[in-house]
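Hi,

Here is the structure I promised to pass on. Have a look at it first, and my notes on what turned up follow below.

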Amino acid sequence: MANNIGGKAGVVGNALWLYVGLKKSLTFKIDGKLDLLCGISRQARQLNLKKLEAYGLIKFTTPKGSFPQVEILKPPPSIET
């Protein structure tokens, strides 16, 4: 679904699923490594996180002075618990 949103939302969405596998959790903080992995700027990351949130795929917060925290809201059927 993220691939249909446009922009780099699909790339960011796929990278978030990589983080799910690495962190073993649907909730995690993301850092500048995600930007390098996706080949995008911090501003593009934030824009695409907002797009993913607008479509109800994730929830994210950006605490002041900290990296964004992301929660995946709709895992694929094979991953739902």
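Predicted model: local features only at pLDDT ≥ 70, side-chain atom pairs only at ≥ 80, totals over all residues.

Let me start with a loop: Lys24 sits in the one between α1 and β1. Helices here are DSSP runs of H or I with at least four residues, strands are runs of E with at least two, and both are numbered from the N terminus. Lys24 is exposed, at 72% relative accessible area. For that I call a residue buried under 20% relative accessible area, exposed over 50% and partly exposed in between, using a 1.4 Å probe and protein chains only.

Residues are numbered from 1 along each chain as its sequence is written, and side-chain values use heavy atoms, with hydrogens and water left out.

The overall picture

The protein has 3 helices and 3 strands, and from the N terminus on they run α-β-α-α-β-β. Of the 81 residues, 35% are buried. Taking a contact as heavy atoms within 4.5 Å, residues 24 or more positions apart account for 48% of the contacts with a separation of 6 or more.

Helix α1

This helix covers residues 9-23, and its end C-alpha atoms are 21 Å apart, which agrees with the 21 Å that its 15 residues should span at 1.5 Å a residue. The expected span is 1.5 Å times one less than the number of residues. Its buried residues are Ala9, Gly10, Val12, Gly13, Ala15, Leu16, Tyr19 and Val20. What do the buried residues of α1 pack against? Their partners are β1 (27-29), α2, α3 (42-54), β2 (58-61) and β3 (69-72).

There is 1 aromatic pair in the structure. The ring centres of Tyr19 and Phe28 are 5.7 Å apart and the planes are at 40°, so this pair is tilted. (Rings of Phe, Tyr and Trp, the last by its six-membered ring, pair if their centres lie within 6.5 Å; planes under 30 degrees apart are stacked, over 60 edge-to-face, the rest tilted.) Both partners are buried, Tyr19 with a relative accessible area of 8% and Phe28 with 5%.

Helix α3 and how it meets α1

α3 has 13 residues and reaches 18 Å from its first C-alpha to its last, close to the 18 Å expected at 1.5 Å a residue. Buried in it are Arg45, Gln46, Asn48, Leu49 and Leu52, and these pack against α1, α2, β2 and β3. Just after α3, Gly56 has a positive phi of about 75°.

The axes of α1 and α3 are 9 Å apart, at an angle of about 85°. That makes the two helices roughly perpendicular. Axes are lines fitted to C-alpha atoms, for helices over the stretch in contact, with angles from 0 to 180 degrees between N-to-C directions; under 35 degrees is roughly parallel, over 145 roughly antiparallel, 65 to 115 roughly perpendicular and the rest oblique. On the α1 side, Ala9, Val12, Gly13 and Leu16 meet Asn48, Leu49 and Leu52 of α3. The residues of this contact are 5 nonpolar, 2 polar and no charged, where Ala, Val, Leu, Ile, Met, Phe, Trp, Tyr, Cys and Pro are nonpolar, Asp, Glu, Lys and Arg charged, and the others, Gly among them, polar.

Leu34 is in helix α2 (residues 32-38) and is buried, at 0% relative accessibility. Not counting residues up to four places away in sequence, Leu34 touches Val12, Ala15, Leu16, Tyr19 and Arg45. Its C-alpha is 8.7 Å from that of Tyr19, 15 residues apart along the chain.

Ile40 lies in the loop between α2 and α3, buried at 12% relative accessible area. Leaving aside neighbours within four places in sequence, Ile40 contacts Lys8, Val12, Asp35 and Arg45. Lys8 is 32 residues apart from Ile40 along the chain, with 8.2 Å between their C-alpha atoms.

Gln46, in helix α3, counts as buried at 16% relative accessibility. With neighbours within four places again set aside, Gln46 is in contact with Phe60, Thr62 and Pro68.

Cheers
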